[in-house]
Amino acid sequence: MADIDKGLPNTRTKLDIPSEEEMAEEVSVQEEEAEQKGPVEVVPEEDGGATIDFEPGAINIPGTENHFDNLADILPEDILEPIGNEMVQNYMDYKASRKEWENSYKTGLDLLGFKYENRTEPFQGASGATHPVLAEAVTQFQAQAYKELLPADGPVRTDIVGIKNPQTEQQSERVKDYMNYLIMDQMKEYESEFDSMLFHLPLAGSTFKKVYYDTTLARAVSKFVPADELIVPYTATSLDDAEAVIHTIKISENELRKQQVSGFYSDIDLGPPGTDVNDELNKKERELEGTKKSGKQEPIYTLLECHINLDLEGFEDQGTDGPTGIKLPYIVTVEEGSRKVLSIRRNYAPDDLKKNKIQYFVHFKFLPGLGFYGFGLIHMIGGLSRTATAALRQLLDAGTL
């Protein structure tokens with residue numbers, strides 16, 4: 001039988017107990033180290049405990065908080081203010097660079113013929129009819145695309161890569177059924193948003209979907225973003241190589257306050273919202289709908305959600321010899337009128353060593369364009385629609401006379 005006492009320690013071993021002089025010397029060394037570190041701040045808590053801060057006033061370094069926390073809550077104002085000014089200025093520059101695109105799109109909306117004109121030229125009561133060639137082409141594309149992309153049994157199809165056997169085929173069916181269930185049943189907004197996108201796509205030539213996980217709803221969300229609400233730099237050719245992607249978000253005062261109280265945005269005073277004098281395209285769309293502002297309106301804030309690369313002070317990319325100077329992906333949200341930063345969040349996975357940008361947007365193109373934006377029916381048959389409309393009106397006016 002094995003000796004069970006062989007592994008037990010010797011209980012008679014003599015312990016080395018330090019003398020009083022050695023203990024006093026150790027205490028003095030610890031006090032000296034504490035003095036070198038600086039003051040210690042003790043904050044009493046409500047439950048009777050206390051929080052000890054050995055470096056009061058210091059900015060937290062990366063890793064001391066949750067990866068996707070709002071960094072705007074801990075950064076000082078002298079860092080946030082230049083960032084807010086830069087984001088708004090970039091937005092104005094990028095928007096000005098595509099002014100010609102906005103004008104052509106806005107002019108092309110008149111070719112749909114949704115609004116009848118009471119013309120007085122060349123005579124009172126002249127025809128204001130619009131040839132339906134453009135509206136008919138848009139409607140046909142939307143109907144056919146909807147039937148193909150959103151069939152009755154769901155849009156998801158699966159393909160088995162590798163050897164097929166009963167187990168992988170059953171797994172493939174389970175994945176397909178579950179994803180179709182999420183999209184068609186749980187994601188309430190998916191069908192209506194996709195239908196709306198299919199109408200805008202042949203007109204503008206480019207539309208976008210924003211896909212992300214909503215923590216409030218506890219599910220994935222896929223929302224339609226019109227091309228006029230997503231701004232990119234002049235040099236961008238795709239979403240992947242764009243140095244910045246700015247999504248303009250219209251939000252009510254009450255909804256913004258909810259986001260601030262929940263902690264999603266910094267709880268700061270923004271003041272009254274500014275008046276958006278440059279939103280001519282949105283006014284044109286509302287005009288075609290037959291709606292306009294009247295009476296007292298609820299205040300609407302314009303938020304600029306900027307997906308950009310930043311070399312943020314206090315959160316620099318670190319190499320073996322210190323900061324590398326490489327800009328990292330962040331999402332910076334700024335209120336346009338006050339230029340105040342509401343949030344700054346890292347836009348890369350915590351376990352990603354390469355720190356690649358997380359892409360939230362999907363770009364749909366009707367026809368590939370020469371640059372970032374695609375070509376739509378307004379660009380392809382806009383001239384034909386104008387000519388057909390002019391000919392139709394001349395025939396009707398000649399018959400009237």
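This is a predicted model: local features need pLDDT of at least 70, side-chain atom pairs count only at pLDDT 80 or more; totals for chains, interfaces and linings use all residues.
Is strand E6 (residues 244–252) largely enclosed by the rest of the structure or left exposed, and how many of its residues are buried?

1. **The enclosed strand.** Of the 9 residues in strand E6, 8 are buried, so this strand is largely enclosed by the rest of the structure. Buried here means under 20% relative accessible area. Keep E6 in view, since the next two points stay with it.

2. **The sheet around E6.** E6 belongs to an open sheet of 5 strands, ordered E5-E6-E7-E10-E11, with antiparallel pairing. At the edges stand E5 and E11, each with a single partner strand, so one side of each has no neighbour in the sheet.

3. **Pairings to trace by eye.** E6 is joined to strand E7 (residues 300–310) by 9 bridges, and you can look for Ile 251 opposite Tyr 301 in E7. Strand E5 (residues 230–231) is joined to E6 by 2 bridges, again antiparallel; there, Leu 230 stands opposite His 247 in E6. Further along the sheet, strand E10 (residues 328–335) pairs with E11 over 6 bridges, with Val 332 facing Ile 344 in E11.

4. **A sheet of three strands.** Another open sheet has 3 strands in the order E4-E3-E12, with antiparallel pairing. E4 and E12 are its edges: each has a single partner strand, so one side of each is without a neighbour in the sheet. On average, neighbouring strands of this sheet are turned by 25 degrees against each other, direction ignored. E3 and E4 share 8 bridges, and Lys 209 has Phe 224 as its bridge partner in E4.

5. **Two residues with positive phi.** Most residues other than glycine have a negative phi. Ala 218 has a positive phi of about 60 degrees although it is not a glycine. You will find Ala 218 in the loop between strand E3 (206–214) and strand E4 (219–226), where it is exposed, with a relative accessible area of 52%. Lys 355 also has a positive phi, near 55 degrees. Lys 355 sits in the loop between strand E11 (340–346) and strand E12 (361–365) and is partly exposed, at 26% relative accessible area.

6. **One face of helix H3.** Which residues of H3 are buried? They are Trp 101, Glu 102, Tyr 105, Gly 108 and Leu 109. Looking down the axis of H3, you would see these buried residues fall within an arc of 130 degrees, so they line one face of the helix.

7. Helix H2 (77–97) and helix H3 (99–109) each supply at least two lining residues, and H3 gives the largest share, with 3. By type, the lining divides into 10 nonpolar, 5 polar and 2 charged residues.

Terms used: Residues are numbered from 1 along each chain as its sequence is written. Side-chain values use heavy atoms; hydrogens and water are left out. Helices (H or I, at least four residues) and strands (E, at least two) are DSSP runs, numbered from the N terminus. Ala, Val, Leu, Ile, Met, Phe, Trp, Tyr, Cys and Pro count as nonpolar, Asp, Glu, Lys and Arg as charged, and the others, Gly among them, as polar. Buried means under 20% relative accessible area, exposed over 50%, partly exposed in between (1.4 Å probe, protein chains only). Two strands pair if DSSP finds at least two bridges between them. The arc is that of the directions from the helix axis to the C-beta atoms. Axes are lines fitted to C-alpha atoms, for helices over the stretch in contact, and angles run from 0 to 180 degrees between N-to-C directions.
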